[in-house]
Amino acid sequence: MAPKKRSLVWKHFDKINIDTSVCRHCSKHIKAHSSTTNLLSHLKSLHPGNLAEDINSGDGGGDDNEMEFHTEVVVVNPNDSGDGMTRISSKSKKRHGSYSGAVLNYDKLVVPMTMRSVYWKCFGFPADADDEILTKDRIVCLLCKTTIQYNRNTSNLRIHLQNKHPEELMQIELETPPRKSQDSSSQKIKKVSKRLKDMGNMYSTALNGSIVMGNNEHQGVSGFVTKSEGESTNQSSGKSQVTLVVPGMGEQNCTIESLHPFMIPVESKNVCDAITEFIVMDMQQPDVVEGRGFQRLIATLKSPCEIPSKTKLVEEVIPRVYEHHREGIQDVVRSLKREVSLAVEEWESSSKESYVTFSICYQEGDDNINNRVLTTVHCPPMVDSTFWDNFLDNLFADWGLKFEKVKAVVCGSCRSDLISCILNKGFTVLPCLVHVLQDVCTKVCFEQDDVKDILSKCRSLIYMIYKHSNALAALRIQDHLMSLEETPLVADYPKVWISTYTMIESMVARRQIIPTILENIDSSSFDRDVLSISDQDWTLLEDVLSVLEPFKVTMMTLSEEKAPLMSLLKPLLWQLLSCHLQAKDEDSVNAQVFKVALKTLLSEKYSDPTVSKLLQIATTLDPRFKSLPTTAEEAKTVLDGPIKEALIRLIDESPGDIKAIVEETPEKKKPRLLGMVMLLGDMSPGVPTNTMSTQDRASLEIVQYQSEPTATLDQCPVNWWSRIATKCPNLARIAAQYTCVPATTLPPSRIPAEAHIAYHIKRANLSPETVDRMLFLHSNHSV
């Protein structure tokens, strides 16, 4: 068996017991249990001469196991096609073992390219001659060869430099350029988050203004809490150790006891906090806590426990959460420098009261579109333009918005008083596409007398089938035989037109089996003649399906978009009006009537000249549609007209931020060129210059944009412009003014029929005293 290797520091110490050693030079007792770090530090601080003498003489303290090796520091680059290493330094040195107790036999030190912190200049992972990292739990300091533990972050690295090498640490941090600010309001949001943490509230506000909630697999902070690799508990302190992965901040080691209450895993969370989270995220009524079934459920999951009362939730918990997080999002909105868009959505509660929700849409960074709900206001019966005028003034003042920064207002409302007030403010009102489709489909098709009667019969038949078990069993059997399980027969929700379309589609698919299913129902339960659907009725329903099918595809397209922008509207409307709604000879009379009416009403919705110009500019600046043959002439006119004019104004207003896009003369030739100009003056007209007129700069950027390949339809225009911004910096800034305007007031997640209906029902049931706060918290907790 090989003799145990010992560090050279033991030449200067005697071991008293398992935890303590005594110095032979000064008789001082030093704690040293499993490593020699404290012993080495003592020698460096009080007896550096003795340590240096041993190192220079090569004395290993009587041990015969000293190792001669070549220390080489390299940076691992996994993407490099070569050997994957970048040499930093090379140095030969004798080593007598590790100072941490366990000896690390390594040939070189490597630093993976993913380790980008500046502190890695002084550290490396031990590796063999083939550059294979031996362990990722230990790292070695290049300055003193001390082996320290690596906890998946750079905290230990900086602490070691601060304690052992303060001058090198100061030099590194002085040479490091300041970090690029991720958001102009990051410092404010950090202060708000810290204050919320100190208050012990269960919510926290992210840097982008979203409300982060625990146990949310997409946005929740508690979803980022994991156990530390290697060990899950700290034996010395008896506290559970976790690694907290914070987006944008990396991993942080901490104890469960030190975590913000909302970051604690669900089993350790306060019952009141968990219930509040449930109510906000699922948009439940606060009085759910008073139900006996809910109370028994909570008692079963966690007993004993204290359930907050409805009064406490409504008057204390929810208002506190709302006020603090409103402040955080308010700071974000006030710090916005770019253009924004405003969204106005009108809706009706279950008690037939009218409400309007106001939200803001803006571009954050170079490739992210955010939507934040600002407030929800109740509309009294006798409301005029004066009310809305005062309300909008207060809204803009409260949130720090500027009227000139609002590019457009996406309106999902038919209130003439509200629309006229918005127009009087000088805003461009862009109709919400989902609201427009709901309006035109309902008026033209579903409210047509014959169709309305047939829809009433369909709803009654579905009710009768689900009421009688025999008929329902027959329906299940027939659905299985016809492979219709994925399209169940369910009644519609008239306030969401796509659900009515789906109901008609399901009925037509079961046209042949409906009479057979009805035979399983007692004839005394209903009048068959009244509920019977004739062949003429079935034909009318088929006409409705064929006419509205393009609208269904349009809704699916919007729901599939990451951010459905208004640049989609021009191509979609052109395709609907010129192709799908064009009456054909083979169409039935009813289908032709529907198409003409739909085409007329849809054209009127977007007939305003200001809206048409806005949509044309947005479509022209969308890289997916810039080369469409149907809009080629209009795009050329817009590029040479309003877009070029906006470019010239932008370049003139900010000359200091604009760089000429020309071939620059090499730096080494600059002195010679300047000397020739000084001697000869203007005698040589062929001397190139780096200056261009504003007109030429604008034209050059437009030509550069046109020469770029057209983006595919599945590409995001916001991401495309962020990549091309270096070539067309000014045009990219103009495009950003239009990419912040959505095509609809609904986020993509709410456009599918099931999600739309569920949200509509929950929102309609909110009580007046909590509706504003609940919609704010629910809508802003994730994007």
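Gln438 is found in helix H11, which spans residues 433–446. In this predicted model, Gln438 has a relative accessibility of 18% and, because the limit for a buried residue is under 20%, Gln438 counts as buried. Leaving aside residues up to four places away in sequence, Gln438 touches Pro494, Lys495, Val496 and Trp497.

Asp439 also lies in helix H11. At 12% relative accessibility, Asp439 counts as buried. Trp497 is 58 residues away from Asp439 along the chain, and the C-alpha atoms of Asp439 and Trp497 are separated by 8.7 Å.

**The five-strand sheet**

Five strands make up an open sheet with mixed pairing, in the order E18-E17-E16-E19-E20. Strand E18 (368–378) and strand E20 stand at the edges; each has a single partner strand, so one side of each is left without a neighbour in the sheet. Neighbouring strands are turned by 25° against each other on average, direction ignored.

Strand E17 (residues 354–364) and E18 run antiparallel and are joined by 10 bridges. Within this pair, Phe358 has Thr375 of E18 as its bridge partner. Helix H9 (residues 385–399) packs on the sheet and touches E16, E17, E18 and E19, with its direction at about 135° to that of E18.

Strand E16 (residues 340–348) is joined to strand E19 by six bridges, and these two strands run parallel. The bridge partner of Val344 in E19 is Cys411. E19 also pairs in the parallel sense with strand E20 (residues 429–431), over three bridges. Here Val409 has Val429 of E20 as its bridge partner. From E19 the chain crosses through helix H10 (residues 416–424) to E20, and this β-α-β crossover is right-handed.

How many residues of strand E19 (residues 406–412) are buried? Six of the seven are, so E19 is largely enclosed by the rest of the structure.

**The three-strand sheet**

An open sheet with antiparallel pairing is formed by three strands in the order E1-E2-E3. The edges are taken by strand E1 (13–15) and strand E3 (29–31); each has a single partner strand, so one side of each lacks a neighbour in the sheet. From one strand to the next, the twist averages 35°.

E1 and strand E2 (residues 20–23) run antiparallel and are joined by three bridges. Asp14 stands opposite Val22 in E2. Helix H1 (residues 37–46) packs on this sheet and touches E1, E2 and E3, its direction making about 135° with that of E3.

**Strand E7 and its partners**

Strand E7 (residues 123–127) is mostly covered, with five of its five residues buried. Strand E6 (residues 108–112) runs antiparallel to E7 and is joined to it by three bridges. In this pairing, Leu109 stands opposite Pro126 in E7. E7 is also joined to strand E8 (residues 138–141), by two bridges and again in the antiparallel sense. Phe123 has Cys141 of E8 as its bridge partner.

| Strand pair | Bridges | Direction |
|---|---|---|
| E1 and E2 | Three | antiparallel |
| E6 and E7 | Three | antiparallel |
| E7 and E8 | Two | antiparallel |
| E16 and E19 | Six | parallel |
| E17 and E18 | 10 | antiparallel |
| E19 and E20 | Three | parallel |

Helix H6 (residues 271–281) is mostly covered, as eight of its 11 residues are buried. These are Val271, Cys272, Asp273, Ile275, Thr276, Glu277, Ile279 and Val280. What covers the buried residues of H6 includes helix H7 (292–301), helix H8 (310–334) and helix H27 (771–780). Just after H6, Met283 takes a positive phi of about 50°.

Helix H20 (residues 609–620) has 12 residues. From its first C-alpha to its last, H20 reaches 16 Å, close to the 16 Å expected at 1.5 Å a residue. At the start of H20, a side-chain oxygen of Asp608 reaches to within 2.9 Å of the backbone nitrogen of Thr610. The buried residues of H20 are Val611, Leu614, Leu615, Gln616, Ile617, Ala618, Thr619 and Thr620.

Key:
Residues are numbered from 1 along each chain as its sequence is written. This is a predicted model: local features need pLDDT of at least 70, side-chain atom pairs count only at pLDDT 80 or more; totals for chains, interfaces and linings use all residues. Side-chain values use heavy atoms; hydrogens and water are left out. Two strands pair if DSSP finds at least two bridges between them. Helices (H or I, at least four residues) and strands (E, at least two) are DSSP runs, numbered from the N terminus. Axes are lines fitted to C-alpha atoms, for helices over the stretch in contact, and angles run from 0 to 180 degrees between N-to-C directions. Contact means heavy atoms within 4.5 Å. The expected span of a helix is 1.5 Å times one less than its number of residues. Buried means under 20% relative accessible area, exposed over 50%, partly exposed in between (1.4 Å probe, protein chains only). A polar contact is a pair of N or O atoms within 3.5 Å; within protein, one must be able to donate a hydrogen and the other to accept it, and residues adjacent in sequence count only if both atoms are side-chain atoms. A crossover is right-handed if, with the strands pointing away from the viewer, the path from the first strand over the helix to the second runs clockwise.
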